[in-house]
Every structure is written in structure tokens, then in C-alpha cells.
Amino acid sequence: MNFRLFTGTAVAALGLSLSLASANTLRMADSTDIAAMDPHSMTESNTIGFLNHVYEGLVRYNENLEVEPALAESWEFVEPTRVRFKLREGVTFHNGNPFTADDVVASLERASHDTSPVKSNLPGLERAEKVDDLTVDLVLKGPDPIVLNYLTNIYILDKEWMEEHDALLPADMRRGKENYAVANSNGTGPFVLESRQPDARTVLTVNEGWWDEPRHNLTRIEFSPIGSDATRIAALLSGELDFITPAPLQDIERINRASGVSVIETPSLRTIMLGLNYADTLHNSNLTDDNPLKKQKVREALQLAINMELIRDKIMRGRSRNAGLLVAPQVPGFDEALDTRPAADADAARALLEEAGYPDGFEVGLDCPNDRYVNDEEICQAITAMWARIGVDAQLTAQTKSKHFEKVLAGGGDIYMVGWATLPMLDSYSVLSALLHTPGDRMGAWNPGGYSNPEIDALTTKIATELDEEKRTQMMKDALKIARDDVAMIPLHQQPLAWAVRDGVNLSVTADNKPRLWYATID
């Protein structure tokens with residue numbers, strides 16, 4: 001039914017653009033629409049990634065996920081808590097207004113406003129100060145070694161344009177309050193918004209006056225949200241689309257066998273892992289006054305029982321990367337020497353359970369989403385069967401991501417699946433501060449199980465302000481090793497990323513799952 005609907009209506013809508021399409025028009029589709037054009041009104045990664053073609057920050061991640069200059073051409077720490085940015089001269093917004101320090105100050109104030117969810121990406125900002133028209137100081141609450149990483153997700157808007165359209169504050173999308181910037185835009189990026197039809201089509205055209213040297217040859221980007229995997233693939237195979245994301249694992253071989261199209265793949269930054277309940281009792285167990293998960297040997301047994309090679313080969317079709325640490329190889333703090341996981345061994349796992357005092361195993365709850373990660377429910381079903389072999393009866397609850405995270409973050413889970421990509425930090429501090437630090441104040445927001453290790457807490461506190469990169473990296477490695485040896489959480493794998501393109505479209509998939517089409521070309 002979905003396929004007929006697409007071919008009867010959505011394809012027809014796409015077909016209207018075919019007469020306009022040229023060799024330099026990229027027709028693309030994602031499984032979801034962008035949420036809004038206002039870059040400070042949401043933190044949804046697909047939206048932020050798309051808007052990076054229209055808006056820019058002071059700095060950006062390049063195709064190698066390295067921080068490089070964007071609207072700021074240079075910066076320096078003039079004090080441990082003051083970063084001075086020299087702005088790029090001669091940049092103009094899409095409406096022709098000049099880019100100046102006033103725009104930076106107004107945009108940072110807007111992004112850090114109470115109504116903006118993006119404020120969480122500016123945790124250390126005290127204020128922004130204009131020094132002159134092309135110089136801005138960011139005053140920080142304390143030394144922040146990854147302030148540049150945060151700023152890659154903070155886009156700059158034109159102050160005059162915001163004032164003209166009563167949009168100096170971000171749209172409060174969570175309360176259903178919109179403003180002019182939700183459906184309109186005025187950035188400095190390589191592409192200009194031509195039209196926006198929510199849930200249907202968004203069109204960008206090339207910014208001929210872009211300050212950077214173009215490495216792309218695109219003149220137009222036509223974006224359509226297509227939720228059905230089958231429909232999205234059919235449009236690619238029929239030639240009505242040039243680029244789709246994601247390409248479902250089960251369809252990769254079929255796409256690669258088809259004429260004129262192919263799949264490009266890479267492991268993502270997102271590490272899929274299992275979090276654990278460290279309270280005195282479990283929520284779903286035959287043990288009413290005990291929690292086996294508090295014992296390290298039990299956690300080791302649970303990890304030993306999981307055959308990740310089998311999950312990789314059968315469920316992930318050989319396309320995931322098994323993980324021994326809680327961060328991906330691209331993330332600072334990753335240590336290849338530590339990225340090992342014990343080979344699955346059910347006999348050894350049963351022996352550990354017996355040593356821990358559970359020769360007959362126990363019951364425990366297992367919570368997983370069924371629509372958030374790649375093959376999430378199937379993975380949890382496999383783990384349930386593997387734990388059953390050692391006497392652990394996991395009661396699986398698989399439900400939609402909204403219900404899953406509502407339950408988990410409220411502390412209602414015993415063992416629960418979570419994925420973490422460390423973005424926009426792209427730094428191990430993200431995992432240490434959010435998932436492993438003892439919950440309290442700003443730390444441990446994603447540690448509902450209550451894991452607590454004084455050594456990790458102390459290292460995390462030092463890492464937060466250490467400006468010596470070598471010392472800081474070593475401390476992150478040390479903290480991740482402690483977590484690994486303690487089996488604080490059970491890492492599973494980095495899930496695969498797969499995009500599909502027609503022949504002649506040249507672009508690279510990056511581990512953060514954000515297309516950077518200012519590097520794309522069409523033959």
C-alpha cells in the first residue's frame with residue numbers, strides 16, 4: 001500500500017522537479033523530514049546536519065571530523081576563560097547583509113536562551129563580547145578544552161534579519177510556538193533556501209557568493225522525506241533520486257546488485273551498549289532483596305555470554321564493528337590497545353555466576369527500543385537467548401523509542417540498551433560525564449542506573465578543565481580503562497552507516513552521519 005501511495009503521489013511530486021533537474025541537481029531523501037529551519041530550536045541531529053548547508057558556525061568539522069575555521073578564521077585563548085575569535089572579513093549573509101561581530105553575539109545569546117534546547121551545547125559559555133566589528137570574545141565559566149567542538153553545532157544568524165522578523169529568540173518548538181525562522185532562513189552557508197514544504201520537499205540552491213572555495217559542483221539540492229524504506233529504495237532504483245539515507249542493512253546487497261547504484265558504508269561514531277541498574281534491588285526479578293548486577297563477576301558473566309561475532313555476522317550482516325570500549329576509534333580518548341572484548345564463553349560465564357553466588361542464575365528485566373538503532377530489537381532478542389544458556393532469564397521489553405527512554409531515564413530499567421555518538425563534543429568526556437559519572441547536578445544525566453566510581457568521577461572532573469591535550473587524552477584513556485575493567489556498562493558495537501547513491505554522484509559517508517554536500521560532485 002505504501003508503495004502504491006508513493007508511486008501515485010509522492011513520485012509524481014518528485015517528478016515535477018525532473019524537468020528542472022540538471023546534471024548538477026542532487027535529489028536526495030531521508031527517512032525523516034528536517035524539523036525546522038530555525039537552527040536554535042532543536043537538537044535533532046538530522047536537522048542540524050541539513051541546516052549546516054545553509055548556516056555556519058565559527059568553526060566546523062571537515063570531512064575528516066577535524067575542527068577547522070569557518071566564520072572565524074582564527075582564535076586564541078587570551079586567558080584560560082576567554083577565547084578571542086578573529087572573524088572572516090568580507091562574508092555576507094544570503095540577503096546581502098555583511099557578517100559582523102554583532103551577528104555572533106546576538107546568535108550566541110539566542111542559542112543559549114532558556115527556550116533553546118541548543119543551550120546544552122554551550123554549557124561553559126558565560127557571555128559573548130564584541131571587541132570590534134571582526135573580533136569577538138567568548139567568556140567562559142571555567143577553562144573548557146573542547147569549547148570549539150561545542151561551537152561546531154552553533155550556527156550564526158543575521159542580527160538585522162532577526163530584528164526585522166521578530167526572531168531574536170528561538171522558536172519554542174516544544175511548546176508549539178513558531179516564528180519566522182522556522183520556515184525561512186538567512187545564513188552564510190554554501191546553499192540558499194529556495195522553498196520549504198514541511199513533510200514534502202525542501203529545495204536549496206547554490207550560494208554563488210559563498211566565502212569559501214567550492215569543492216562541489218552542485219547548483220541545486222532537492223530534499224524529500226520518505227519514511228518507507230521500500231519506497232525510498234524504489235525511487236533510487238527508478239532514477240528519481242540520486243542519494244538516499246539510510247540504506248537498510250537487509251537491502252544493501254540488493255542495491256549493490258542493481259545497475260547504476262551502489263551503497264557507501266562506514267561504522268558510525270555511535271556505540272551501542274547496555275546500561276545496568278546499580279540500585280539495591282532489581283525491578284523485574286525473582287530476587288526481591290538482592291541485585292546481582294552490583295557484583296563485578298556477574299557483569300563479567302553477562303558480557304562473556306554475549307557472542308558479538310554471531311550478532312555481527314548474522315544480525316548486522318557483517319557490517320558492524322564489535323566494541324571493547326564505550327567510544328569509537330575516531331573519538332579522542334579511544335585506545336586501540338584497550339579495545340578488546342573477551343571471546344564469548346558460556347561455560348566460563350556460568351562458572352562466574354556460580355562464584356558470585358548465583359549457580360541457578362536469576363531473572364532480570366531487559367529494555368530495548370524497537371525503532372531507534374539498527375536492528376535494535378533483533379539484537380536484544382539474540383542476547384536474551386544467549387543469557388538463557390547461562391541461566392539468566394531476561395524479560396525483554398521492546399517498545400518505541402519514546403516509551404523506552406521515558407522508562408529508562410526515570411530509572412525503571414534493570415538492563416537497558418542505549419547508543420552514544422559523543423556529538424557534538426566528539427570527545428570521550430561526553431561518555432564520562434553523561435553516562436559514567438555519579439548522577440548529580442550537571443553530571444550523570446544519562447546514568448539512570450546509578451553507577452558510581454570515585455576514580456572515574458575524579459578523572460572526569462580534571463578532564464573537564466585540563467587544557468594540556470596530551471595529559472587530558474591520557475586521563476580519558478585511564479578512565480575508560482577503569483570502566484572497561486569494572487564492566488560499568490557492556491559495550492556491544494558501533495552500528496553501521498550506509499548511504500546509497502546513483503553512479504556519478506561522488507560523496508563520502510562520515511562516521512557522524514552528516515552529509516557534507518559542499519564536498520559532493522556529480523559527474
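pLDDT is the predictor's confidence in each residue, on a scale from 0 to 100. That matters here, as this is a predicted model: local features need pLDDT of at least 70, side-chain atom pairs count only at pLDDT 80 or more, and totals for chains, interfaces and linings use all residues. Residues are numbered from 1 along each chain as its sequence is written, and side-chain values use heavy atoms, with hydrogens and water left out.

Confidence, then. The protein averages a pLDDT of 93, and 96% of the residues score at least 70. The exception to flag is residues 1–21, where pLDDT stays under 50. For that stretch the model has 23 contacts (heavy atoms within 4.5 Å) beyond four places in sequence.

Now the core. By nonpolar core I mean a set of buried Ala, Val, Leu, Ile, Met, Phe, Trp, Tyr and Cys residues joined through side-chain atoms within 4.5 Å. Buried is under 20% relative accessible area, exposed over 50%, partly exposed in between, with a 1.4 Å probe and protein chains only. The largest core has 96 residues. Among those with the most contacts inside it are Leu274, Ile306, Ile311 and Trp387. Strand E12, residues 261–276, gives the largest share of this core, seven residues. Helices (H or I, at least four residues) and strands (E, at least two) are DSSP runs, numbered from the N terminus. A second, separate core has 38 residues, including Ile34 and Phe223.

What does Ile311 touch, not counting residues up to four places away in sequence? Ile306, Met316, Ile379, Ala382, Ile383 and Met386. Ile379, Ala382, Ile383 and Met386 are buried in helix H11, as is Trp387.

Next, a sheet. Four strands form an open sheet in the order E4-E5-E7-E6, with antiparallel pairing. Strands pair if DSSP finds at least two bridges between them. E4 (72–79) and E6 (125–132) are the edge strands, each pairing on one side only. Inside, five bridges join E5 (residues 82–87) to E7 (residues 135–140). Lys86 stands opposite Thr135 in E7.

Last, Ala356, in helix H10, residues 346–356. Buried or exposed? Buried, because its relative accessible area is 11%. Leaving aside neighbours within four places in sequence, Ala356 contacts Lys295, Lys297 and Val298. Gln296 is 60 residues from Ala356 in sequence, and 8.5 Å away in space, C-alpha to C-alpha.
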